[in-house]
Amino acid sequence: VQLVESGGGLVQTGGSLRLTCAASGATRFIAVMSWYRQTPGNQRELVASLAMGVGGTKYADSVQGRFTISRDKGENTVYLQMNNLKPEDTSVYYCNALEQLATDYAAHWGQGTQVTVSS
């Protein structure tokens, strides 16, 4: 599974951005797709996740009500719509795909995309 993110950039407080993650390869075995973010010196944290089978979603408390994860199933693409952005949302955002194997899971990561929110 290969993941390519796009859509990051610089935005003012209160603005919006939409991140895109395009998956290719063995996409039919992907069980969950997620967005994580990481700032220097900190652990990577889960922002939002989407279960590919049932479509259930989960969000970090810090982004609940502002961010929306969605998918274009036919294109194997996942989006993260980010509204009402705050300076604390500044981070590198990574797309993650959890691939179901025979008896385990494999995690795949994109290269990351920078999001900067100016105050």
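Tutor: A disulfide is a pair of cysteine sulfur atoms within 2.5 Å. In this predicted model, local features need pLDDT of at least 70 and side-chain atom pairs count only at pLDDT 80 or more, while totals for chains, interfaces and linings use all residues. Residues are numbered from 1 along each chain as its sequence is written, and side-chain values use heavy atoms, with hydrogens and water left out.

Student: How many disulfides does the rule give, and which residues does the disulfide join?

Tutor: The count comes to one disulfide. The cysteines joined are C21 and C95, with 2.0 Å from S to S. The link of C21 and C95 is left-handed, with -80 degrees about the S-S bond.

Student: Where in the chain do C21 and C95 lie?

Tutor: Strands are DSSP runs of E of at least two residues, and helices are runs of H or I of at least four, numbered from the N terminus. C21 is in strand β3 and C95 in strand β9, 74 residues apart, so the pair links distant parts of the chain.

Student: Are C21 and C95 buried or exposed?

Tutor: Buried means under 20% relative accessible area, exposed means over 50%, and partly exposed lies in between, with a 1.4 Å probe and protein chains only. Both C21 and C95 are buried.

Student: What is meant by a nonpolar core, and which residues have the most contacts inside the largest one?

Tutor: In soluble globular proteins, nonpolar side chains tend to be buried together. A nonpolar core is a set of buried Ala, Val, Leu, Ile, Met, Phe, Trp, Tyr and Cys residues joined through side-chain atoms within 4.5 Å. Here the largest has 28 residues, and M33, W35, L80, M82 and Y93 have the most contacts inside it. Among the elements that give two or more residues to this core are β3 (17–24), β4 (30–38), β8 (77–82) and β9 (91–100). The element that gives the most is β3, with four residues.

Student: What is M33 in contact with, neighbours within four places in sequence aside?

Tutor: Contact means heavy atoms within 4.5 Å. With those neighbours left aside, the contacts of M33 include C21, C95, L50, I69 and V78.

Student: How should I read aromatic pairs, and how many are found in the whole structure?

Tutor: A pair of aromatic rings is described by the distance of the centres and the angle of the planes. Rings of Phe, Tyr and Trp (its six-membered ring) pair if their centres lie within 6.5 Å; planes under 30 degrees apart count as stacked, over 60 as edge-to-face, and the rest as tilted. The search finds two such pairs. For Y36 and W109 the centres are 5.0 Å apart and the planes stand at 65 degrees, so this pair is edge-to-face. Y36 belongs to strand β4 and W109 to strand β10 (residues 105–109), 73 residues apart. The pair of Y94 and W109 is also edge-to-face, at 6.5 Å centre to centre and 85 degrees between the planes.

Student: Are Y94 and W109 buried or partly exposed?

Tutor: Y94 is buried, with a relative accessible area of 15%, whereas W109 is partly exposed at 37%.

Student: Which charge lies over the face of Y94?

Tutor: A charge sits over a ring if NZ of Lys or CZ of Arg is within 6 Å of the ring centre and within 35 degrees of the ring normal. R44 lies over the face of Y94, at 3.7 Å from the ring centre, and over the face of W109, at 4.5 Å. R44 is placed in the loop between β4 and β5 and is partly exposed, with a relative accessible area of 33%.

Student: What joins the side chains of R44 and Q38?

Tutor: A polar contact is a pair of N or O atoms within 3.5 Å; within protein, one must be able to donate a hydrogen and the other to accept it, and residues adjacent in sequence count only if both atoms are side-chain atoms. A polar contact of 3.2 Å joins R44 and Q38 through their side chains.

Student: Why does D89 count as buried?

Tutor: D89 counts as buried because its relative accessibility is 1%. D89 is found in the loop between β8 and β9, and a polar atom of its side chain lies 2.8 Å from the backbone nitrogen of K86.
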